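Reader: I am new to this structure and would like to go through it slowly. Could we take it up as questions and answers?

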2 protein chains.
Amino acid sequence: MTENPKLDRLKELLAEVDDLRKAATLLFWDQRVMMPAGGAEARAEASATVGRLAHEKFVSKEIGALLDELDEDDFDYESFEASLIRVTRRDYEKAVRVPPELTGEMRRSSALALAAWGPAKAESNFPALLPHLERNLELRHRYVECFEPADETYDILLDDYEPLMKTAEVREIFEGLKRDLVPLIQEIAEAGEVDDQFLRGEFDADRQREFTLTLLHRLGFTDDEWRLDTTAHPFMCSPGHGDVRLTTNFRPDNLSSMFASMHEFGHGVYEWGVDPALQRTPLGSGVSLGVHESQSRTWENLVGRSRAFWRFFYPQLQEVFPEQLGSADEEAFYRAVNRVHPSLIRIDADEVTYNMHIILRFELEQDLIDNRLEPRDLRNAWNARMDEYLGIEVPDDARGVLQDMHWAGGSIGYFPTYSLGNVMSVQIWERMLEDVADVDEQLERGEFGEIREWLRSHLYVLGRKFTPQETIERVTGSRIDAGPYVRYLREKLAPQPA
Amino acid sequence: MTENPKLDRLKELLAEVDDLRKAATLLFWDQRVMMPAGGAEARAEASATVGRLAHEKFVSKEIGALLDELDEDDFDYESFEASLIRVTRRDYEKAVRVPPELTGEMRRSSALALAAWGPAKAESNFPALLPHLERNLELRHRYVECFEPADETYDILLDDYEPLMKTAEVREIFEGLKRDLVPLIQEIAEAGEVDDQFLRGEFDADRQREFTLTLLHRLGFTDDEWRLDTTAHPFMCSPGHGDVRLTTNFRPDNLSSMFASMHEFGHGVYEWGVDPALQRTPLGSGVSLGVHESQSRTWENLVGRSRAFWRFFYPQLQEVFPEQLGSADEEAFYRAVNRVHPSLIRIDADEVTYNMHIILRFELEQDLIDNRLEPRDLRNAWNARMDEYLGIEVPDDARGVLQDMHWAGGSIGYFPTYSLGNVMSVQIWERMLEDVADVDEQLERGEFGEIREWLRSHLYVLGRKFTPQETIERVTGSRIDAGPYVRYLREKLAPQPA
């Protein structure tokens with residue numbers, strides 16, 4: 001409690017909204033992980049009601065009036081109070097602009113399109129999804145019109161995922177990436193293939209699960225505050241402070257879920273580390289999708305695909321899968337899990353080519369929203385650019401334009417946050433290396449406490465108190481910059497001169 | 001949709017309330033079954049908010065006004081519309097009488113008392129719980145004052161669990177039970193002990209789980225609409241139509257959870273069978289705790305402890321546990337799982353003595369609420385009555401007055417519904433026997449479809465459309481009557497003349 005009754009009342013109302021959002025999170029998690037299929041219809045109703053009430057409660061007249069009466073400038077910029085008013089005001093002003101009918105239509109259209117996406121992908125049938133994509137795009141155009149015109153239309157969509165980031169900034173970063181990565185991919189291709197055949201064999205799911213849990217416990221997972229479950233499309237969610245839920249998908253024929261699990265751990269440990277004092281307010285979660293992704297990528301790649309990490313874990317992994325890994329030494333394993341190779345599927349892509357998948361989508365999204373590209377031409381545009389950026393011919397829509405659910409779900413502007421996350425991850429990591437001298441030695445000993453604590457106390461703890469850009473500047477001392485990331489990729493993955 | 005806009009609006013508002021209650025149910029289930037311990041604080045907040053909003057939405061002025069304007073007599077008594085107005089009006093009139101502050105205080109006091117109950121029971125320390133019981137009782141007295149005076153104070157409490165049932169009716173039924181059961185218990189005791197030693201051995205939990213699932217699938221459990229999980233205190237809940245969740249607790253040293261699982265299945269199949277047309281209204285669940293218990297007892301005892309049932313299942317169970325059960329034949333097993341023996345713990349009691357545990361609690365509850373008994377004298381009263389009814393000396397409070405959580409939770413009036421359920425179960429079962437000729441033969445073949453379908457179409461489908469008494473009369477043609485139950489117990493369990 002503060003000594004400001006208006007602020008206290010605002011906090012009370014926001015806590016109620018947050019409780020409803022937590023309930024909605026649990027309804028979602030349960031649906032994906034636990035619910036028997038027969039519960040789908042009732043769950044859709046319950047989720048819709050809880051989501052709608054959370055929204056109604058948030059855009060209430062009372063919250064609007066309190067925001068009118070409260071002034072963030074009465075408080076120190078860095079204070080909880082100023083942040084709460086500032087961030088809530090921004091969320092509120094965005095939320096009240098969109099009429100509930102449009103939100104409802106977007107949600108309906110998204111649900112229908114997602115239901116059509118599954119079969120369309122299974123049948124590799126782009127025309128079956130096309131009417132839904134057209135409808136989603138039309139609604140996105142109406143959504144954009146709810147806001148003040150921006151420098152670029154895409155800015156308005158991007159803002160939902162990476163608040164206050166401009167398309168032009170992303171474009172500049174991505175142009176830099178493209179310039180540096182296309183030749184790097186070429187160099188690696190010319191250096192010849194890395195053997196990763198031993199990673200494609202039979203890997204018992206129960207043993208994978210056991211090893212993954214051992215690994216996650218080392219990273220900071222505890223049974224007191226975390227869960228790991230299996231689901232078709234892995235995700236992380238936190239239906240309450242002190243309650244972090246990872247999901248993964250143990251594939252019987254490879255070890256990719258180990259890295260997927262570390263990825264979700266990264267998302268989870270970010271939510272886990274948000275200052276408890278920010279809970280039950282709009283400040284109590286990660287600040288943007290990009291910053292979130294920086295942490296999933298940190299734990300998946302900077303930690304989980306490092307030599308030092310596997311120095312500790314590889315002997316244990318070999319003991320779990322002696323038949324499959326017995327003949328591959330640590331260096332062979334390290335190279336195999338870091339193999340760079342242009343491929344069709346984004347989520348299976350390596351650290352380098354992954355970004356080309358994102359840039360492709362970012363460019364197509366802008367073309368769509370700016371009406372330079374009709375949805376019916378999307379498939380051809382996709383296939384042409386896959387050839388241009390990765391030298392790959394797309395054999396079917398399932399492994400092409402239909403592979404991701406984002407567009408069916410109506411999300412435009414989401415994809416770039418993945419590569420922004422990659423970029424930021426290395427900026428943050430390098431800043432940490434200045435403070436923590438012997439990171440590699442710690443990784444080699446299977447110790448993660450100091451790394452985690454640095455990230456927690458410098459980044460996670462901030463939650464949404466500041467803008468994403470402010471957050472990154474506070475942590476790293478500089479704005480988003482692809483330089484460190486490109487250097488990291490080149491140092492780690494470029495062919496060594498013989 | 002009907003052609004009555006007021007009724008449509010009422011349904012819309014009630015659907016929203018129901019969605020919130022379903023969300024609250026899931027929050028509860030998850031907390032007991034899935035949630036990491038660290039999520040407790042956030043979950044308490046989310047549950048409180050969702051529960052409060054469901055209540056606020058239900059007692060809203062708009063629902064009150066619609067109920068004023070709608071008249072159930074405009075519709076046929078048996079119609080959905082008349083039932084909806086009638087039942088909602090009754091629920092509403094009860095709900096608006098209790099001030100939110102009192103509800104809040106009761107919830108708080110209950111939470112504190114339940115938190116104290118665990119340690120108090122562990123330490124067998126009645127004085128540690130006493131202040132909480134005194135507080136709960138004081139709040140129950142204030143609760144009673146919210147309502148019009150009844151014939152007996154206890155009527156008002158009983159009504160929350162067994163709507164419209166009078167204490168005097170229960171007393172008459174229970175006096176009849178006592179008159180018949182006390183001598184029956186005596187006769188059985190004189191006939192000598194049944195050997196059930198082979199039921200107390202090591203029973204691997206995984207194998208128990210597998211067998212229990214086989215058994216439940218036979219009864220009607222499907223993976224599409226049901227779950228079975230483990231938890232400390234088993235319960236059933238349904239967080240949505242087509243989504244029934246049973247919990248059980250596999251004990252490593254006996255097979256009791258098999259019966260507990262069938263018990264929860266009975267609760268589950270009742271909710272499962274409610275007419276889908278009643279979903280998202282106050283009519284869409286079981287009608288009372290007593291009728292609910294009649295169905296859990298039906299599937300646990302009338303089905304699950306019958307000779308015919310085990311004729312089918314016992315050979316399979318013997319195959320699962322050959323070491324433990326190899327030397328016991330079917331008849332020995334049947335007699336062992338039906339052994340009547342006065343004991344300390346209600347939830348472990350046999351079909352006959354169970355009712356004496358209930359009658360004891362029912363009588364003490366009336367003494368408490370009518371101020372004939374002070375909470376501080378409860379332990380002595382308990383121990384004296386255990387001696388009187390079951391001839392048992394209570395060695396400590398953990399196995400005496402502290403064994404159940406109900407009073408700590410603030411529930412007074414709940415216990416009698418257990419024995420009312422026993423009584424009703426046999427009335428309903430006997431009515432079914434008139435329509436389904438070869439029930440025993442079906443059970444012997446492991447077939448439950450026709451039994452389940454009779455119960456569904458005659459009882460479950462009705463939901464809360466009628467009062468409990470009306471429901472029982474529609475199904476059985478008569479009012480609640482202990483006669484059939486006592487005859488059943490005597491036929492099944494009385495010693496046979498040599």
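Reader: What share of the interface residues of chain B are also interface residues in chain A?
Author: The model is a predicted one, and in it 35 residues of chain B are in contact with 35 residues of chain A. The copies meet through the same surface, because the share of the interface residues of chain B that are also interface residues in chain A is 100%.

Reader: Which kind of axis relates the two copies?
Author: In general, two copies of a chain are related by a rotation about an axis and a shift along it. Here chain B is superposed on chain A by a rotation of 180° with 0.0 Å of shift along the axis, at an RMSD of 0.0 Å. The two copies are therefore related as by a two-fold rotation axis.

Reader: Which residue of chain B has the C-alpha nearest the axis?
Author: The rotation in question is the one of 180° that superposes chain B on chain A. In chain B, the C-alpha nearest that axis lies 3.5 Å from it, and it belongs to Ala23(B).

Reader: Which three residues supply more of the area that chain B buries against chain A than any other three?
Author: Chain B and chain A bury about 2700 Å² between them, with 60% of it on carbon and sulfur atoms. Of the area that chain B buries against chain A, 18% is supplied by three residues, more than by any other three, and these are Leu26(B), Met34(B) and Pro36(B).

Reader: How many salt bridges are there between chain B and chain A?
Author: One salt bridge joins the side chains of Glu45(A) and Arg280(B), at 3.2 Å from N to O, which lies within the cut-off of 4 Å. Between chain B and chain A, the count of salt bridges is eight.

Reader: Which element gives the largest share of the side of chain B that touches chain A?
Author: The elements of chain B that give two or more residues to the side touching chain A are helix H1 (5–33), helix H2 (40–58), strand E1 (226–230), strand E2 (236–240) and strand E3 (243–248). The largest share, nine residues, comes from H2(B).

Reader: How many residues apart in sequence are the parts that the pair of Trp226(A) and Phe265(A) ties together?
Author: The rings of Trp226(A) and Phe265(A) form a stacked aromatic pair, 5.0 Å centre to centre with 20° between the planes. Trp226(A) lies in strand E1 of chain A and Phe265(A) in helix H10 of chain A, so the pair ties together parts whose separation in sequence is 39 residues.

Conventions:
Residues numbered from 1 in each chain as written. Chains lettered and ligands numbered in written order. Predicted model: local features only at pLDDT ≥ 70, side-chain atom pairs only at ≥ 80, totals over all residues. Heavy atoms only, no water. Contact = heavy atoms within 4.5 Å. Buried area = accessible area lost by both parts, 1.4 Å probe. Helix = DSSP H or I, 4+ residues; strand = E, 2+ residues; numbered from the N terminus. Least-squares fit on C-alpha atoms with pLDDT ≥ 70 in both. Phe/Tyr/Trp six-rings, centres within 6.5 Å; stacked < 30°, edge-to-face > 60°.
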